[in-house]
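Visitor: Please show me the model, and then I will ask about a few of its side chains.
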Amino acid sequence: MSSFRLELMPTFIILLLFLCHGPQQDDVVYTNIEAQFSVRQPGLYEEKYANMETEIGDMEVFTYYCEPPIEDPNYLYLINYIQYPKETLHHDSTEMVADLFTQSLEESRAGMDAKLLYQVQQSDYEYPTHLSRMEFDQGQNVVKSKMIVAENRFYFIQVFTTKQHSLNEEMDEYLNSFQLIN
């Protein structure tokens, strides 16, 4: 073999490794301009819409969900988004936001007959943020959630997994990938 071919061999091997292990699906970002967010896309999102009766009138709930490939340690990624009428919710109203977080978390917990493992307010965002973790189905499944109020928008982001995968890094990576956009 000529010395020229031997010199190209390491370059060729590096190129093959890159092509085989290049950008993964984790690098794909889902952006929703209308809902004003972007987030990591572990698979294809589907959308659902529902009306919800509230004390302040009918409100539309937008749901974006993704059931990832089987090799993913999580089995469901879920984002719920509600645009509140102006003057009914704003992120500067700390008491109103705290009540919304408490009520939403309790409704979620009761709906799944879940046990709350922890909850914490976060201040590393421009907007009020609340993190929580619950287990349900007699502890066999876990959901980690993040709630954010931005202006008069409420986001409830959740990642579901089994007890076996309850401490996987993808949960936090997904929740941390959620970004608000204008």
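Predicted model: local features only at pLDDT ≥ 70, side-chain atom pairs only at ≥ 80, totals over all residues.

Visitor: Is N152 buried or exposed?
Guide: N152 sits in the loop between β8 (141–150) and β9 (153–162); strands are DSSP runs of E, at least two residues, and helices are runs of H or I, at least four, numbered from the N terminus. Buried means under 20% relative accessible area, exposed over 50%, and partly exposed in between (1.4 Å probe, protein chains only). Because its relative accessible area is 10%, N152 counts as buried.

Visitor: Which side chain is joined to that of N152 by a polar contact of 2.9 Å?
Guide: A polar contact is a pair of N or O atoms within 3.5 Å; within protein, one must be able to donate a hydrogen and the other to accept it, and residues adjacent in sequence count only if both atoms are side-chain atoms. The side chain of N152 also has a polar atom 2.7 Å from the backbone oxygen of Y84. The side chain at 2.9 Å is that of Q83.

Visitor: What is the relative accessible area of F37?
Guide: Strand β2 (residues 37–40) holds F37. F37 is buried, because its relative accessible area is 0%.

Key. Residues numbered from 1 in each chain as written. Heavy atoms only, no water.
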